[in-house]
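User: Walk me through this structure, please. Keep it brisk.

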Amino acid sequence: LKGEIPSSMSLFIGCNFKTRCTLSKPLCTTQEPVSKEIEKDHFVFCHFWEHAQKLANNSKQYDFFHKVE
């Protein structure tokens with residue numbers, strides 16, 4: 001992942017990827033995302049996972065989001 005590695009003090013507030021995620025918004029700095037099962041045994045922790053999934057379907061840049069079998 002590119003971007004700034006978060007301080008260990010800020011890890012406990014909001015999303016752990018807030019400083020490195022290209023989809024990060026102010027919400028990510030204040031609220032930790034909850035677990036969401038999007039497929040059987042495939043969980044995401046992201047406020048904007050649906051947007052990320054749309055990007056993944058349209059771009060090789062977000063291949064990390066696809067489940068590899």
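User: How many of the residues in the protein are buried?

Analyst: First, the ground rules. This is a predicted model, with local features needing pLDDT of at least 70 and side-chain atom pairs counting only at pLDDT 80 or more, while totals for chains, interfaces and linings use all residues. Residues are numbered from 1 along each chain as its sequence is written, and side-chain values use heavy atoms, leaving out hydrogens and water. Buried means under 20% relative accessible area, with a 1.4 Å probe and protein chains only. Here, 20% of the 69 residues are buried.

User: Which elements does the protein have, and in what order do they run?

Analyst: Helices (H or I, at least four residues) and strands (E, at least two) are DSSP runs, numbered from the N terminus. The protein has 2 helices and 2 strands. Their order from the N terminus is α-β-β-α.

User: In what sense do β1 and β2 pair?

Analyst: Two strands pair if DSSP finds at least two bridges between them. Strand β1 (residues 36-39) and strand β2 (residues 42-44) pair in the antiparallel sense, over 3 bridges. Glutamate 37 faces phenylalanine 43 in β2. The hairpin has 2 residues between its strands, and aspartate 41 takes a positive phi near 60 degrees.

User: Why does leucine 23 count as buried?

Analyst: Leucine 23 counts as buried because its relative accessibility is 11%. Leucine 23 lies in the segment before α1 (26-30). Its C-alpha atom is 7.6 Å from that of alanine 52, 29 residues apart along the chain.

User: What share of contacts joins residues at least 24 apart?

Analyst: Contact means heavy atoms within 4.5 Å. Among contacts between residues at least 6 apart in sequence, the share is 15%.

Definitions and conventions. Buried < 20%, exposed > 50% of the residue type's maximum accessible area, 1.4 Å probe, protein only.
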